Amino acid sequence: MLTNLKTILEYAETRKCAIGSFNTPNLEGVQAVLRAAEELNEPVIISHAQVHEDMGLCKMEEIAPIMLFMAERAAVPVCVHLDHGTDINYIKRGIELGFTSVMYDGSGVDMALNIINTSLIVDEAHRNNVSVEAEVGSMGKSEGGQTVGESIYTDCDTALDFVNKTNVDALACAFGTAHGVYLKKPKLDIERVKDIKNAIKIPIVMHGGSGISEQDYYNAINAGVRKINYYTYMSKAAGDAVNAMKDRSFFHDIVNEAKRAITEDVKKAMNIFSKPQK
Ligand SMILES: [Zn+2]
């Protein structure tokens with residue numbers, strides 16, 4: 001069943017766990033992730049990022065109807081999220097298409113403009129029962145993994161001021177994770193997450209959430225992270241599985257093997273996110 005981000009994260013807050021948000025830039029990705037969620041009977045977030053268009057994967061107008069069609073028919077709660085929108089008109093189109101959650105990524109503009117743009121989107125989104133995630137600080141890399149600037153850790157007072165002025169539903173914070181493949185072991189600033197969570201009270205989102213240790217996941221969730229964006233290592237699991245195939249003669253066999261590997265990898269991640277330990 002289709003739900004928005006606010007509702008799905010209230011569930012996470014009650015259970016003190018996190019919900020995985022998985023990029024699904026094609027039909028097979030949507031099928032594989034929803035299958036994992038249904039097999040584990042867990043809520044899930046599927047997402048499309050604006051950068052997928054630049055990567056030539058799919059257009060929002062093409063994938064949104066598929067995501068929404070599958071989400072509505074799923075046996076578990078599914079939020080259909082638009083990730084890292086940097087363009088207000090693009091996000092507005094996403095709201096019109098039926099996304100139940102949108103993220104405005106204002107990490108590339110100054111704070112005053114981030115507040116103005118986020119507030120505009122919150123007004124439009126909330127009128128349509130759509131949730132909004134925004135970002136304070138910067139992960140230093142875009143969703144595609146390219147370096148686009150330095151990483152700036154989220155400052156607690158700035159985050160509180162931002163949340164009070166914009167009324168967002170969830171906040172992406174930078175505290176040591178990065179998009180893409182990790183070249184060295186990340187060191188997470190968990191105390192920072194705790195301080196921000198105590199101040200802002202709303203759910204914290206961790207980007208660059210694939211490829212960190214199980215203990216780091218537990219620490220982040222126990223500190224207040226309620227949404228974990230997970231993609232790179234799930235995509236890599238599919239690539240590794242295809243590389244290990246003896247016979248790659250047919251595209252449909254490759255697709256099925258990739259889907260199987262994605263479902264397995266997503267289930268592993270969901271098992272960690274949904275049952276956090278000390
Ligand atoms: Zn991200």
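Let me begin with a definition: two residues are in contact if their C-beta atoms, placed from the backbone, lie within 7 Å. What we are looking at is a predicted model, in which local features need pLDDT of at least 70 and side-chain atom pairs count only at pLDDT 80 or more, while totals for chains, interfaces and linings use all residues. Residues are numbered from 1 along each chain as its sequence is written.

With that rule, and not counting residues up to four places away in sequence, Ala-241 touches Glu-257, Ala-258, Arg-260 and Ala-261. Ala-241 has its place in helix α10, residues 232-243, where helices (H or I, at least four residues) and strands (E, at least two) are DSSP runs numbered from the N terminus. Is Ala-241 buried, partly exposed or exposed? A residue is buried if 20 or more other C-beta atoms lie within 10 Å of its own, exposed if 12 or fewer, and partly exposed in between, with C-beta atoms placed from the backbone. Ala-241 has 18 other C-beta atoms within 10 Å, and is therefore partly exposed.

Now to helix α5, residues 88-97, in which Ile-91, Gly-94 and Ile-95 are buried. Seen down the helix axis, the buried residues of α5 fall within an arc of 100°, so they line one face; the arc is that of the directions from the axis to the C-beta atoms. On the other side of α5, Asn-89 and Glu-96 are exposed. The buried residues of α5 pack against α4 (60-73), β4 (78-85), β5 (101-104) and α6 (111-127), and just after α5 comes Gly-98, with a positive phi of about 115°.

That brings me to the strands, where two count as paired if DSSP finds at least two bridges between them. β4 and β5 pair in the parallel sense over 3 bridges, and Leu-82 stands opposite Val-102 in β5. The chain crosses from β4 through α5 to β5 in a right-handed β-α-β crossover, meaning that, with the strands pointing away from the viewer, the path from the first strand over the helix to the second runs clockwise. β5 also pairs in the parallel sense with β6, residues 131-136, over 4 bridges, with Met-103 opposite Glu-133 in β6.
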